Amino acid sequence: MGKKRVMVPAEKLDLSTVKYEHEDVQAPHLTGLIFKLFVRIVETPVIGSLIISSLKKQNKVVEMLQNTDIPEAPMFKPEFPPQEAEPSCVIVDDQGKPEDRVESALKCLPHYDPASCWSGDSLPSFRYWKIRDYAHAYRSKLVTPSMVAEQFISVIEGCNYHKPPTPLLVSFDPEDIRKQAADSTQRFEEGNPLSILDGIFMAIKDDIDCYPHPTKGATTWMHKVRTVEKDGVCVANLRSCGVVLIGKANMHELGMGTTGNNPNYGTTRNPHAPERYTGGSSSGPAALVASGLCSAALGTDGGGSVRIPSSLCGVVGLKTTYGRTSMEGSLCGSGTVEIIGPIASTVEDAMLVYAAILGSSREDRISLKPSPPCLPVLSSLENANILGSLRLGKYTEWFNDVHSTDILDVCENVLSLLSKSHGCETIEIVIPELHEMRTAHVVSIGSETLRSLNPDIEDGKGAKLTYDTRTSMALFRSFTASDYVAAQCLR
């Protein structure tokens, strides 16, 4: 008796009463042979179930999902209330031609001055070349996509000899890249580029279809049970704009991790510090952009998989609103948290790629009824000081709860820079029910992942997954139908 916990309805929650609770995750720290033995044990029917159950109780997962009265009804898909039109924005047709949307996005950008980027011998040894830099170079005949292709191929092939190795791509076809680049070069010679993205080199995360490459999800077997016959919808949009697709980028196996560590193909290194992780799961896309090898890439994000590696690698990552981009032609197309989003070296490049890949699926248009997508007019007077208009919410107790004070210092410096240099206002906020949010997320994404993989796991493929993925799968198998519904009530 006395186990029942009652949550306050969201609309009645008094934020002034919310107290931050440090979450001390209870889990064994294991490596090597002991870790492998542990995984085999937790996969056993009886002992494994007892271990997982004990860990869930220690981390208050059972209390949250089974002993709590949650007053809200379940929300099985994200819902978005109608929003007022934002000022200085342009509405785009997400069911129209990708080239037209990209052109609309291009018109939203500030004036491009080639002189600010092309100044002869004074060029720095390294810089991020933006999409408009490449477009100017192609149109001015300073360089051709074919010339860029040869340089790119040479660098990627040289990665095999790096110490430590740099496995950026898991599928790479030099001849296919040369053909795409040659076609783009010919279009420029004829004066008929398809869009500002024509000849721009982009990588595709290995859980999104990009024909003729196989989609493995960075496993050793997925491509054997699932064939790729055409591009995913987002990739097809990019191809219609003339993008040169360089191959399938490395990732954390099946997206089930935030480090990017992958024993199957090697772990992608952070270009800024090779001894450090890129973050994950979109490790390859973020590293390729951060290294300057391509202007942009596509990743997937269900719980930070675009945003985390982008942050750790110092580039721009966007988790788009759920349903804004079609998931058709990806390994995570049947979930309710995953999106496909751009990773780029600058905000303006992320905006151009976002415009290209926009397009809700028919099912999402019916069920979600999304408002028309819009793009900010960065060239307008109202947006001249767009950073200065931002209000940054800071939950100080959560913000300060980090393992390393070095991280805290860097983050504080960023806030200070935004405030002093751009006039951003930082305000104190409170985020209630953080533990509940995390629990709802892991149950939702875990149950959806398990459902999609179950047929292959039952067919013996589960034993071919890496040990950290198998640990996650053991946890996911412990969730019940009532756990899933409870998670949707929290959502």
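Mentor: Start with one term: two residues are in contact when heavy atoms lie within 4.5 Å. Keep in mind that this is a predicted model.

Trainee: Then take threonine 466. Which residues is threonine 466 in contact with, leaving aside its neighbours within four places in sequence?

Mentor: Its contacts are Glu253, Pro263 and Asn264. Threonine 466 sits in the loop between α16 and α17 (467-477).

Trainee: Is threonine 466 buried or exposed?

Mentor: The cut-off for buried is under 20% relative accessible area. Threonine 466 has 8%, so it counts as buried.

Trainee: How many bridges join β5 to β6, and in which sense do they run?

Mentor: Four bridges, and the two strands run parallel. Within that pair, phenylalanine 201 is opposite valine 244 of β6.

Trainee: And in which sense do β5 and β9 pair?

Mentor: Parallel again, over three bridges. Alanine 203 has alanine 297 of β9 as its bridge partner. Isoleucine 204 stands opposite leucine 298 in β9.

Trainee: What joins strand β9 to strand β11?

Mentor: Six bridges, and here the strands run antiparallel. Leucine 298 faces proline 342 in β11. Aspartate 301 is opposite isoleucine 339 in β11.

Trainee: How do I read the two faces of a strand?

Mentor: Side chains alternate between the two faces of the sheet in a regular strand. Now look at β5. On one side are Phe201, Ala203 and Lys205; on the other are Met202 and Ile204; all are buried.

Trainee: Why is β5 largely enclosed by the rest of the structure?

Mentor: Five of the five residues of β5 are buried, so the strand is largely enclosed.

Trainee: How many of the residues of β9 are buried?

Mentor: Six of its six, so to read it by the cut-off, each is under 20% relative accessible area. Ala296, Leu298 and Thr300 lie on one side, with Ala297, Gly299 and Asp301 on the other.

Trainee: Next, cores. How many residues has the largest nonpolar core?

Mentor: Think of a core as buried nonpolar residues linked through their side chains. The largest has 69 residues, and those with the most contacts inside it are Leu197, Phe201, Leu238, Leu288 and Leu298. Helix α12 (347-357) gives the largest share, eight residues. Compare the strands: Phe201 is one of the buried residues of β5, and Leu298 is one of those of β9.

Trainee: What does leucine 197 touch, not counting residues up to four places away in sequence?

Mentor: Its contacts are Val102, Ile131, Leu238, Cys241, Gly242, Val243, Leu352 and Ala356. There is also a second, separate core of 22 residues, which includes Val61, Leu453, Met473 and Ala487.

Trainee: What are the buried residues of helix α18?

Mentor: In α18 (481-490) they are Asp483, Ala486, Ala487, Gln488, Cys489 and Leu490. These pack against α2 (47-58), α3 (61-66) and α16 (434-458).

Trainee: Last, rings. Which residues form one aromatic cluster?

Mentor: Ring pairs are judged by the distance between centres, within 6.5 Å. The count comes to 10 aromatic pairs. Tyr20, Tyr395 and Trp398 make up one cluster.

Trainee: Where does the charged end of arginine 127 sit?

Mentor: Over the ring of tryptophan 129, 4.3 Å from its centre. Likewise, lysine 394 lies over the face of phenylalanine 399, at 4.8 Å from the ring centre.

Note on methods
Residues are numbered from 1 along each chain as its sequence is written. This is a predicted model: local features need pLDDT of at least 70, side-chain atom pairs count only at pLDDT 80 or more; totals for chains, interfaces and linings use all residues. Side-chain values use heavy atoms; hydrogens and water are left out. Rings of Phe, Tyr and Trp (its six-membered ring) pair if their centres lie within 6.5 Å; planes under 30 degrees apart count as stacked, over 60 as edge-to-face and the rest as tilted. A charge sits over a ring if NZ of Lys or CZ of Arg is within 6 Å of the ring centre and within 35 degrees of the ring normal. A nonpolar core is a set of buried Ala, Val, Leu, Ile, Met, Phe, Trp, Tyr and Cys residues joined through side-chain atoms within 4.5 Å. Buried means under 20% relative accessible area, exposed over 50%, partly exposed in between (1.4 Å probe, protein chains only). Two strands pair if DSSP finds at least two bridges between them.
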